[in-house]
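Visitor: I would like a close look at one part of this model, the helix packing in one of its chains. Please describe that part in detail, then set it in its surroundings.

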Amino acid sequence: MPGKLKVKIVAGRHLPVMDRASDLTDAFVEVKFGNTTFKTDVYLKSLNPQWNSEWFKFEVDDEDLQDEPLQITVLDHDTYSANDAIGKVYIDIDPLLYSEAATVISGWFPIYDTIHGIRGEINVVVKVDLFNDLNRFRQSSCGVKFFCTTSIPKCYRAVVIHGFVEELVVNEDPEYQWIDRIRTPRASNEARQRLISLMSGELQRKIGLKVLEMRGNAVVGYLQCFDLEGESGLVVRAIGTACTLDKLSSPATFLPACNSPSKEMKESPLVHPPSHGCRSTHNSPIHTATGSRLTQSFSVSVPTLIYTGMGSGSAGKEGGPFKALLRQQTQSALEQREFPFLTLTAFPPGLLVHVGGVVSARSVKLLDRIHNPAFVGIMGNTRSYKLLDWNSFNSDEPETRDAWWAEIRQEIKSHAKALGCHAVVGYSESTSICEEVCILSASGTAAVLSPRFLQEGTVDGSLEQRVEENLPVGCGFCHIPYDELNMPFPAHLTHCYNCRKQKVPDVLFTTIDLPTDAVVIGKGCLIQARLCRLKKKAQAEANATAISNLLPFMEYEVHTQLMNKLKLKGMNALFGLRIQITVGENMLMGLASATGVYLAALPMPGGIQIAGKTPSDGSYEQHISHMQKKINDTIAKNKELYEINPPEVSEEIIGSPIPEPRQRSRLLRSQSESSDEVTELDLSHGKKDAFVLEIDDTDAMEDVHSLLTDVPPPSGFYSCNTEIMPGINNWTSEIQMFTSVRVVRLSSLNLTNQALNKNFNGLCENLLKSLYFKLRSMTPCCLCHVNFTVSLPEDELIQVTVTAVAITFDKNQALQTTKAHAEKSLQRASTDNEELLQFPLELCSDSVPSHAFPAAKEHPESASSNSGTPAAQRAVTVEKASPMGDGNFRNRSAPPCAGSTVGVVKMTPLSFIPGAKITKYLGIINMFFIRETTSLREEGGVSGFLHTFIAEVFAMVRAHVAALGGNAVVSYIMKQCVFMENPSKNQAQCLINVSGDAVVFVRESDLEVMSTQQPAVNCQPTCTGEVTT
Amino acid sequence: MTSELDIFVGNTTLIDEDVYRLWLDGYSVNDAVALRVRSGILEQTGATAGVLQSDTMDHYRTFHMLERLLHAPPKLLHQLIFQIPPSRQALLIERYYTFDEAFVREVLGKKLSKGTKKDLDDISTKTGITLKSCRRQFDNFKRVFKVVEEMRGSLVDNIQQHFLLSDRLARDYAAIVFFANNRFETGKKKLQYLSFGDFAFCAELMIQNWTLGAVGEAPTDPDSQMDDMDVDLDKEFLQDLKELKVLVADKDLLDLHKSLVCTALRGKLSVFSEMETNFKNLSRGLVNVAAKLTHNKDVRDLFVDLVEKFVEPCRSDHWPLSDVRLFLNQYSVSVHSLDGFRHQTLWDRYMGTLRGCLLRLYHD
């Protein structure tokens, strides 16, 4: 029994009136953990009760501590009838379990009821006393830290990156159990919330065990998702990257940190999950999954595309022994792992060597019905509820799901291999479910990684050294990883425009963030491809077949759109690419978002050329040439807008940039700059003829038009879906995170693909326009991490949810620094090239980015602090933020005391806070809420209902962070927002799942004051050191 | 394609001051959109009407949700649902409780009851203020009244504490509460020339000097069990005012008073002769107002009486304001030299306030 959980109920405020006669409430509180319940006294007749209870003590084992949430129920005492529930608070006590995170949870929590929403607040203090010493405790999965952030968290250093961890658990969905017919909606919602909370806790614990097995101490890029499969159940699955992290304030613990847990692990009974019986059924499902009952389900695997650069080129002869050596070593490091995937999107300097391109895989599955309409009569709130799950009844369930995912991951792995890559980075998985059909998707970026972080101390020191000496200049990752002589597909290669040594593709697509050392010209922009496809309503297998037949066409079209839009912007690379395919009853939607940039290393993109099929017609010709002119104008305008003026490069190196007249047989296609083999462009799509759009096809015309109707953001606005906007690095501290949701009803008459596309396009464009309008007071600003999610809740309904953060920047300064930086890096590029020539041939035959690269200075967070911003200017930025109130923020390292005004908690989908330094990670926030109403009209209709609910969710997240002693949530994400309505019954229901990392940050201006006052501030000097070296 | 649902929720609640004003002014979403279009915002921002509509709806929804909290402003500070910077919170509250001059003049001194609420329709038509806005303003008056009515301590402080208003606005509300409680008549035709500011000024003086609170603050009777209230006039004081009647009832005293004033002011007033002829009338008027204040009915008519008995006679003789000031000063001070008059303190308490009020009320 390793722990004692202590809970104190202090007070309540703003409680609802429960007794109409007196307009007051007789409130008391039930505190429940596991099977133990305590009660406070009844505080008579008050809306602001002061319970000031004793410490309620729960003696529990650490498994429970990890799995169970603390459940606090506020009730109104009623002498004659049953006590009425006012609402509940669920507190995840996980953050109290690691030594470095929070030590106490204390603060005001909103009291939440699934029917009435937030009803007052309650002040609670929670502590955990651990019986065993810290060291021993760390061996249990409790000690493993979780981060949603998809990069190495700011105040840590990666010692080893162990690799991919995944897990899933399955249960029946309480909403679909027979008992649901007789219980109240409230009880049903609460059962569901509790179940998911338990399942998430369990999942996290299991992943933690896997991390310990791998000798790691943390999971980075942890992404947990729910699949609401309806009748067939509820799946909670998670993926992440196991790492050994070292806190930067204690740099001495390089090896002991990762070695000691592994040694002692074997001695500790806690790490052997089977000893706890039924609760840990699948610790390594991958190994057992093969040969499971896959045949039971219908499954279609969809041909997968590999997005990479296109074009042709002469084969190079480089590739010398160094490359081989490096590859061999990394490969051996990675091959120990079943799936060499990383969920990271940003990497410690030196890890990412080459990027191959995006790999993705989709598969359409039919969800099985659960064959046991399991006996779940004893639902209740007891522990046995959970024990009833798959273990006894449908033990094959998780295996099926595991097998599905294993299959997809295998496919991804083989795609990566085909690209000459041994790893996949920026990896993510998603599902789309409609009735019994489920599309599983996985995507990532094929990459070659340096062995530096992948193994513990096995890297040959001299090799590493040589790698580091071999300085690339922000272009290394663009160099093709595959063998030019034996390419997996026909590709168009040119010499790298930066170092002029290696080959690069003409276009690069990736799912990762822009590497910090990448040399970019101009600014980036959000690029979206949007697509709808009608589909006949069908059942089961016919439906699945129809969907899987449509998928490749959609993928192709999404890709074409992206490519065309990228060229229209005059850019040559996409980062953060996320393609979402959503399935509905009668249609499929595709939405791809990415951030386009101009990489200096890649060739200048060619224009877009339009050609008619029947050139004889004069007026037609004229029309075509008119269109052509419009397109050319747009490209020119965009280049100006995004400040893309690449330096002129002598022609002998790049080849001829003159358009090829041969391409006239196509209506609309990307044009390559190189002279020969242009016809081989559509390499990855199989037979290109199948996708050629004829000129007299009106659809094709529409496509061209829609291409041109994308309006650029108004002046002063930029947008991207990556962490940072290339070309802007002078952020002020004014940030505004927001969620916007729109649901539109399509008129059901004469729906055509064309009309649908137009509607969908309009919906997204309007949404963006609304955002720009709403945030106009923040200009100049950039919408970062713009995340669109599409769902099709009903036949004719389309729901689009957007979460993003708007950050203002200082325009003048930003321009200066960009220019200076661009010049500097170009300069550096040339000098480095000269230096390179002095090395033996084998060394300069390949280049590997090194962590010592000075361009790390352009890191967004450090930009304002380290690149020598004059104090006066910084003062301006702080002052600028204050009208928004955020500037007035008072740093609170201690939890807020009762009665004080509410402290500001910032929320951002980014992993950093501009103008501030994260000093502590307090733990993961992972919350799931259900809200239901039977008085929709009275709550302001669907908009009023959802608006309130989302505001409440934000409030609950903020309250939890504040109670942990934090002042911000980073890497915040709304993973699910499932909204269902039934206006005729005046009802609606919504499920929201959010997560993020609770942190403490200190404003950089405050930090300076602190450091002058007391120079021994723990983390600061080391942090700065890390960034600059 | 019709929009079923359209929302925007920021971690920091977005407040558009212009839209807030339109909402407070009681415009419907469509009217507000039309007004915003007319302001030229579309041209400035390049937005479409649809965007504007959606934006306006969003803000209206937010304000609607905030309204419940604005009814008890401290709640707005402690609530967790909307993260609003303190400066914005203050702005929301201040604007919500700000009222229209035209409206307050209609309601000032009336009982804040359902009956009056029914008249809001007429007030709306008369003033051109939307009914919705009238209702908000009326409900604000009533809410503040209800909360502070029975409270001890300074009226202004109580209002500030419970509604977090600025000093200026809290003082205005104190006047409104004071007037509503004492039901001073302000609507008569002859009072129409007076602004809310005039009444508020008088109210403040009266609260400071004529209420129980004014006595309670004095250290002379700390044991007093009386409610320390700013809203009720000091009944005892009003009762005592009867004693002043001697100033006009006793002919000798009146003559003496007159001669003292005339001697002091001779050559200093441009309207000396008018003053001399009118002295007895004016003095009678002022003293009788005091003597009548025992009756609630006469308390209500205080301002009517003051205007009738003093402001109007002087105005008809074209007294300049400076002369009125000189006269009132001398008129008050001279009483101290009346040997037979024993109620000097009472007189000062009465006349000190009245002089201030009269000077404020004396304009066209």
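Guide: In chain B, helix α18 (residues 272-292) and helix α21 (residues 321-334) have axes that come within 12 Å and cross at roughly 65°. Axes here are lines fitted to C-alpha atoms, for helices over the stretch in contact, with angles from 0 to 180 degrees between N-to-C directions. Helices (H or I, at least four residues) and strands (E, at least two) are DSSP runs, numbered from the N terminus. This is a predicted model, in which local features need pLDDT of at least 70 and side-chain atom pairs count only at pLDDT 80 or more, while totals for chains, interfaces and linings use all residues. Residues are numbered from 1 along each chain as its sequence is written, chains are lettered from A and ligands numbered from 1 in the order in which they are written, and side-chain values use heavy atoms, with hydrogens and water left out.

From α18(B), B:Met275, B:Phe279, B:Leu282, B:Ser283, B:Leu286 and B:Val287 meet B:Phe327, B:Leu328 and B:Tyr331 of α21(B), contact meaning heavy atoms within 4.5 Å. This contact has eight nonpolar residues, one polar and no charged (Ala, Val, Leu, Ile, Met, Phe, Trp, Tyr, Cys and Pro count as nonpolar, Asp, Glu, Lys and Arg as charged, the others, Gly among them, as polar).

Another pair in chain B is helix α13 (residues 196-210) with helix α22 (residues 344-361), whose axes are 9 Å apart at an angle of about 175°. α13(B) is therefore roughly antiparallel to α22(B) (angles over 145 degrees; under 35 is roughly parallel, 65 to 115 roughly perpendicular, the rest oblique). The contact of α13(B) with α22(B) divides into nine nonpolar, four polar and three charged residues. Among those from α13(B) are B:Asp198, B:Phe201 and B:Trp210, and α22(B) contributes residues including B:Arg349, B:Tyr350 and B:Arg360.

Elsewhere in chain B, B:Leu164 has a positive phi of about 55° although it is not a glycine. B:Leu164 is found in the loop between α11 (155-163) and α12 (167-182).

Chain B also meets chain A: 38 residues of chain B are in contact with 58 residues of chain A. The area buried between chain A and chain B is about 4100 Å², 60% of it from carbon and sulfur atoms (accessible area, 1.4 Å probe, that two parts lose on being put together, summed over both).
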